[in-house]
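Hi everyone, thanks for coming.

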Amino acid sequence: MAEDRIAIHVNDLVVGFGERVVIDHLCLDVREGEILGLVGASGGGKSVLLRTLVGLLPKRSGEISFPAFATDEAVGRGVLFQQGALFSALNARQNVQFPLREAAHLSPALLDEIANAKLEMVGLSVEDGDKFPAELSGGMTKRVALARALALDPALLFLDEPTSGLDPIAAGEFDALIRTLQQTLGFTVFMVTHDLNTLAAVCNRVAALADGMIAALGPLPAVLESDHPWVRAYFHGARAQMLHLGA
Amino acid sequence: MTDMPSLIVTENGPSALLARGAWTLANVELLERLCAGAPQMQGGPIDLSGVTALDTIGAWLFEKLARRNAAGSSAATFVGASPSHAGLLSEVRESNRGRPGARPRAGTFIDRLAKMAREFGADSLAFMAMLGAVSLAGVRVLHRPRSFRLTSTVYQLGRVGWQAIPIVALITFLIGAIIAQQGIFHFRKFGAESYVVDMVGILVLREIGVLIVAIMVAGRSGSAYTAELGSMKMREEIDALSTMGLDPISVLILPRVLALIVALPILAFIGSMAALYGGGLVAWLYGGMSPAIFIARLRDAVSVTHFEVGILKAPFMALVIGLVAACEGLKVKGSAESLGRQTTASVVKSIFLVIVLDGLFAVFFASIGM
């Protein structure tokens with residue numbers, strides 16, 4: 001199948017601010033249809049890499065390309081920001097409709113039906129669509145943000161800490177939701193996360209970012225065997241050990 | 001283009017409808033027209049083998065076609081869908097099943113009137129509660145003077161008082177000049193030009209000086225208070241203060257209200273002087289009245305009572321502006337829109353109340369003969 005097609009190709013990427021180089025000659029390939037989880041130290045450049053990939057930050061040198069797509073413009077991207085970044089003046093349904101409204105001319109009835117369908121896909125009810133972002137709980141905010149990210153049926157989905165701030169039950173449900181949607185809709189996911197459970201439950205491959213470079217890459221068991229000191233510290237630290245014991 | 005979507009009605013085949021092309025967002029206008037134009041079918045499957053691309057919108061439109069054809073009984077089925085398309089179709093199958101809940105109606109005129117009355121009542125209550133809370137905080141500070149936030153009060157005084165002086169002086173200077181010019185122009189018709197001094201003096205000292213300054217302060221500082229307190233409320237800073245055992249009223253609101261109460265009389269005085277200066281300048285340059293005569297006539301026309309009437313009102317207007325700003329700031333909810341709405345409400349309500357208060361004072365001073 002298309003397992004081996006490359007969705008995102010990053011070659012020799014350098015990103016920095018002033019004197020500080022955050023991403024240092026990084027190379028990474030994300031395969032089409034996979035869920036790639038990126039781990040790294042806080043402030044280590046995970047979010048910088050994600051923001052560079054979606055085009056919010058300029059790169060200093062290197063190459064980012066999307067070989068699976070005909071042109072760069074044809075790449076449909078959906079981004080789920082850490083805090084949801086919902087437009088606070090619009091209710092949940094209008095938030096989901098916003099990208100649709102901008103992209104094409106739909107009849108109001110169809111717009112409502114599509115937004116309801118998206119909200120129901122992410123496990124919300126039609127009534128939740130009338131709520132404003134200030135009235136939504138943390139888990140619901142993430143779900144609405146996911147529905148908005150999926151509004152245009154993107155081929156690439158970028159998730160920035162999708163389960164942060166959620167309780168373990170809500171985080172587990174969100175993990176399952178991403179997994180299910182990825183299987184039915186077939187998009188590629190690039191996910192920044194600190195949640196070891198998410199890595200184990202959802203991700204096909206895991207990339208560890210250390211010192212601005214990819215220190216380890218592969219399925220989780222392979223990354224766990226890595227000799228890199230930071231990767232060992234991350235996955236074999238006290239908190240990680242607790243998870244292994246619990247499992 | 002080969003990807004152009006189409007929907008063909010097959011007369012004699014096994015399927016009722018044959019769909020072709022890309023059923024995606026890019027073609028949505030055409031797709032909506034196709035589906036609206038599709039005839040009412042008796043049943044029979046929809047053949048999707050010719051569909052080259054499908055997204056949620058396309059899947060939903062097929063689902064809608066299938067439901068419509070079924071006319072309440074079992075939905076029409078799809079044949080020939082590729083595995084990935086079938087996944088999407090089953091995903092939208094469950095959506096939009098529930099009856100859409102009745103949308104809340106706009107309500108009649110009476111309903112809206114009742115709502116406004118309720119809001120007015122709630123606002124008055126909140127204002128009284130804020131007055132009580134600030135007074136209580138003030139009494140506590142008198143009881144334990146060390147708990148008074150002097151630094152914060154002085155800082156606020158600098159912001160709402162000192163920094164406001166240039167604009168207040170400029171505007172009141174212009175207002176005084178305009179009143180004098182209009183007075184001279186119209187009084188000249190019946191030779192009463194010299195009474196312009198009486199008019200400018202009494203009007204500025206009793207009413208205009210303090211009123212204009214209070215309105216400017218409401219717009220300049222009241223709005224800033226509401227926005228500050230509102231964004232603190234949004235970021236849970238006020239809750240953080242409470243959990244540390246500090247009273248947000250005495251930490252945030254009392255210094256701000258006190259600073260306004262101190263600053264507004266000072267600004268009103270500066271404003272009144274600037275207006276008189278403007279009036280005198282116009283009387284000299286436009287009316288030909290020398291400054292010495294202007295001052296002499298002013299001394300005859302106004303007494304210290306007029307000045308007292310004006311300046312006595314200032315602290316009360318400051319209190320109203322400060323309390324309204326604090327009330328509205330604490331009413332801010334999570335959204336950016338609510339912050340904007342509350343800031344607007346703060347300015348509108350405080351200007352309204354300042355003018356109402358001015359009217360009440362006019363009645364009061366008239367009845368005690370001041």
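Predicted model: local features only at pLDDT ≥ 70, side-chain atom pairs only at ≥ 80, totals over all residues.

Residues are numbered from 1 along each chain as its sequence is written, and chains are lettered from A and ligands numbered from 1 in the order in which they are written.

Let's begin with chain A. Six strands form an open sheet in the order 5-6-7-3-8-9, with mixed pairing. A strand here is a DSSP run of E with at least two residues, a helix is a run of H or I with at least four, and both are numbered from the N terminus. Two strands pair if DSSP finds at least two bridges between them. At the edges are strand 5 (77-80) and strand 9 (213-218) of chain A, each pairing on one side only. Further in, strand 3 (residues 35-40) and strand 7 (residues 188-192) of chain A run parallel, joined by 4 bridges. Which residue is the bridge partner of A:Leu36 in strand 7 of chain A? That is A:Phe190.

Keep A:Phe190 in mind for the cores. A nonpolar core is a set of buried Ala, Val, Leu, Ile, Met, Phe, Trp, Tyr and Cys residues joined through C-beta atoms within 7 Å. Buried means 20 or more other C-beta atoms within 10 Å of a residue's own, exposed means 12 or fewer, and partly exposed is in between, with C-beta atoms placed from the backbone. The largest core has 100 residues, and A:Phe190 and A:Ala208 touch the most other members. Helix 2 (residues 56-70) of chain B gives the most to this core, with 7 residues. A second, separate core of 60 residues includes B:Ala137 and B:Ile184.

Now, how do the chains meet? The contact takes 25 residues from chain A and 25 residues from chain B, where contact means C-beta atoms, placed from the backbone, within 7 Å. On the chain A side, helix 3 (108-121) and helix 5 (168-185) of chain A each give two or more residues. Helix 3 of chain A provides the largest share, 8 residues.

On to chain B, which has 12 helices and 4 strands. Of its 370 residues, 38% count as buried. Its 4 strands form an open sheet in the order 1-2-3-4, again with mixed pairing. Strand 1 (6-9) and strand 4 (78-79) of chain B each have a single partner strand, so one side of each is left without a neighbour in the sheet. Strand 3 (residues 46-54) of chain B runs parallel to strand 4 of chain B, with 2 bridges joining them, and B:Ile46 stands opposite B:Phe78.

Most residues other than glycine have a negative phi. A:Asp153, however, has a positive phi near 50°; this residue lies in the loop between helix 4 (138-149) and strand 6 (156-160) of chain A. Is A:Asp153 buried or exposed? A:Asp153 is buried, with 21 other C-beta atoms within 10 Å. B:Glu236 also has a positive phi, of about 65°, and sits in the loop between helix 7 and helix 8 (237-243) of chain B. B:Glu236 is exposed, with 12 other C-beta atoms within 10 Å.

How values were computed: Contact = placed C-beta atoms within 7 Å.
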